[in-house]
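Subject: Structure handover

Hello,

Here is the structure I promised to pass on. Please open it alongside this email; my notes follow below.

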Amino acid sequence: MTEVFTRYGGGGPRPAYREPIACVVAHPDAGGRCEREAVGEVWRLPFCEVHGREAELAYMDEINDAVRAELDALGDAENQKPGSNEALLEALARTPTPPGVDRVIHLAAMEEAYPPDELEGNTDPDMLRFDYETHGRDTPYDWWCEARIMAVRFMCEAQSVPILKDLELVRERATVQELLASRDMDRRCKPARV
C-alpha cells in the first residue's frame, strides 16, 4: 500500500530552527483542538502521528474503492462494445484489485484517534432519540458511515486547503459520531437473554 501520510523531514526530528506545527484536528466532537505536534500531512493538512494514521487509512480506503469502481466500469464498458478489445479484457482480468484497507485495522485507528469513552458526552442528540424498534433500518450508524465516506470522497477531490480544512472538520465529526453510533446501537439493540 502506498504511503499517503507524508512525514516531515523524512520522519526524523523537527529541525530546531523550525516552529512546531499543530495537528489540524479541532472539531468539538473530536475533543477540540489536538494538542500534539504535527509530524506529517495527509490531504496537505498537518496531522499528529495518531490522527495522521487514521486519516491515511480513510484516504487509502477511498482511493482503493475508487480504483475498484473504475476497473469494474472499464471492464463493463469494454464487454458491451461490439468488437471488444480482447487484449484489454485479458489485461483487466489479470490486474490485481487493490487490497483495500482492513476494516478492523481502520476501526482500531479510529478508536485510538477518537476514543469513544472520552467523547461519549458529544453523542448526537438525534442518535439518542432514535427508536431502533420502529426504525430498524437506516440507523444513525448508517447515517454517520455515509457522512464520513462522503467527506473523505470530497477531500480526495478537493484542491483548496481552506476547503480541505472545512471538510476535515466534517470528517472528524462523522468519524466520532460513527464510533458513538456503533456503541449506542450495540447497547440498545442487544437481543434479550432468554
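Leaving aside its neighbours within four places in sequence, which residues is M110 in contact with? They are E54, R103, R148, T175, E178 and L179. Contact here means heavy atoms within 4.5 Å.

First, the ground rules. This is a predicted model, in which local features need pLDDT of at least 70 and side-chain atom pairs count only at pLDDT 80 or more, while totals for chains, interfaces and linings use all residues. Residues are numbered from 1 along each chain as its sequence is written, and side-chain values use heavy atoms, with hydrogens and water left out.

M110 and T175

M110 lies in helix 3 (residues 103–113). T175 sits in helix 7 (residues 161–188). Helices (H or I, at least four residues) and strands (E, at least two) are DSSP runs, numbered from the N terminus. M110 counts as buried, at 0% relative accessibility. T175 is buried too, with a relative accessible area of 0%. Buried means under 20% relative accessible area, exposed over 50%, and partly exposed in between (1.4 Å probe, protein chains only). Not counting residues up to four places away in sequence, T175 touches E54, M110, Y114 and R148.

Helices 6 and 7

The axes of helix 6 (residues 140–157) and helix 7 come within 8 Å and cross at roughly 155°. That makes helix 6 roughly antiparallel to helix 7. Axes are lines fitted to C-alpha atoms, for helices over the stretch in contact, and angles run from 0 to 180 degrees between N-to-C directions. Angles under 35 degrees count as roughly parallel, over 145 as roughly antiparallel, 65 to 115 as roughly perpendicular and the rest as oblique.

Two strands pair if DSSP finds at least two bridges between them. Strand 2 (residues 40–42) is joined to strand 3 by three bridges. Within that pairing, G40 stands opposite F47.

Cysteines

The disulfide count is zero (a disulfide is a pair of cysteine sulfur atoms within 2.5 Å). For C23, the nearest cysteine sulfur is that of C48, 3.8 Å away. C23 is buried, with a relative accessible area of 0%. C145 is also buried, at 12%.

Best wishes
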